[in-house]
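User: I'm new to this one. Could you take me through it and tell me what the labels rest on?

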Amino acid sequence: MKRDRIKTLLLAEALICALLALALWLFEGDAFSVAGFPGSAVGQGLSALAASGRFGFALAFTLYAAVILLPLYALVHIAARRELKPEDALLVLIAFAAACALFPHGWTAYWSTSAEALFPRLAWQWLIFALLAGWVVLRLLRRFSGGDTQELLKLFRALLILAAAYFVFEVCFAEFAGLFSAIDALKAGNTAFTTDTVLPAATDITGSKSLALSYVVLALRFAAESLPTLLAAATAYFAIGLLDTMEDGAFTQESAAYAPKLAEWCVKVLKLSVLLALAVNVLQAFCAPMLLSTSISIRLPIFELCFVLAALLGARLIASNVALAADNDLFI
């Protein structure tokens, strides 16, 4: 997959995830709507089908069976292509977890929105994702151990694409949904305060200003917390470009020119992330008496610093190897 297509797909993913988070906030308004997605949407759809009549009930039951059998179908397909490994047994557990997450306790009242009924389903739903992630990691580790240089490069490129897609999802869906939840909590707290307290007119104006300023600071906190993840997605995308400059597993002159740019980018984005977080913290400290909610973030970017150091060392090693190869070619 070419980098231009990867960029297009990442932008499309960002737009779809943001619109999906916005739709869940606007049309459901349920505190569990985002956490329950996509299981809640699937469950409500099956409930609607089951309640529509005999044909709808049969179709709902068929779709329920198809969801459960999908991991088992994948297992059979894998067995036809290669020998099954111990980690492939996780696909059976995924099918069982899907059956428990979507089990029909009376199809007409399929997906209850009460916390008592919802929490067990959420546990099974997130177990599906945990098992799937575990299966992917174990499969990758096995392929890492037995792959040659070319295969490792292909796997690394695919892993960078997956990392960029995950970072985009985390910001544009999970963090965006968290922002909406924080807005609702801020609005609910301000409503309770103004409802239970009799305020003079001047204080009403001050309270509205505090609410507006709190919304602004909330948006800035969201930007400060999301920026490192977005920049990590961009870094993964640029790292794919470095891999594309390699020929037959060897670095080229293009690699030697690209690697320092990637290292310099890593330094700049880490500085930007740290400075933005500090600026938001300073703003909250000065405006604390006027804010309805404050959250000072104290974060040491140890992982990011290690990544920047690795990028700088890698850039110098690449430049040294390319120069050494050029000298050897000249000597020969």
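**Reading the labels**

Analyst: Let's start with leucine 283, which is partly exposed, with a relative accessible area of 30%.

User: Why is leucine 283 called partly exposed?

Analyst: Buried means under 20% relative accessible area and exposed means over 50%, with partly exposed in between (1.4 Å probe, protein chains only). Leucine 283 has 30%, so it is partly exposed. You'll find leucine 283 in helix H8 (residues 253-287); helices here are DSSP runs of H or I, at least four residues, numbered from the N terminus.

User: What does leucine 283 touch?

Analyst: Leaving out residues up to four places away in sequence, it touches Val217 and Leu220. Contact means heavy atoms within 4.5 Å. Leucine 283 and valine 217 sit 66 residues apart in sequence, with 8.0 Å from C-alpha to C-alpha.

User: And why is leucine 152 called partly exposed?

Analyst: Its relative accessible area is 34%, so leucine 152 gets the label partly exposed. Leucine 152 belongs to helix H6.

User: How confident is the predictor in the protein?

Analyst: This is a predicted model, where local features need pLDDT of at least 70 and side-chain atom pairs count only at pLDDT 80 or more, while totals for chains, interfaces and linings use all residues. Residues are numbered from 1 along each chain as its sequence is written, and side-chain values use heavy atoms, leaving out hydrogens and water. pLDDT is the predictor's confidence in each residue, from 0 to 100. The protein averages 77, and 79% of the residues score at least 70.

How values were computed:
Helices (H or I, at least four residues) and strands (E, at least two) are DSSP runs, numbered from the N terminus.
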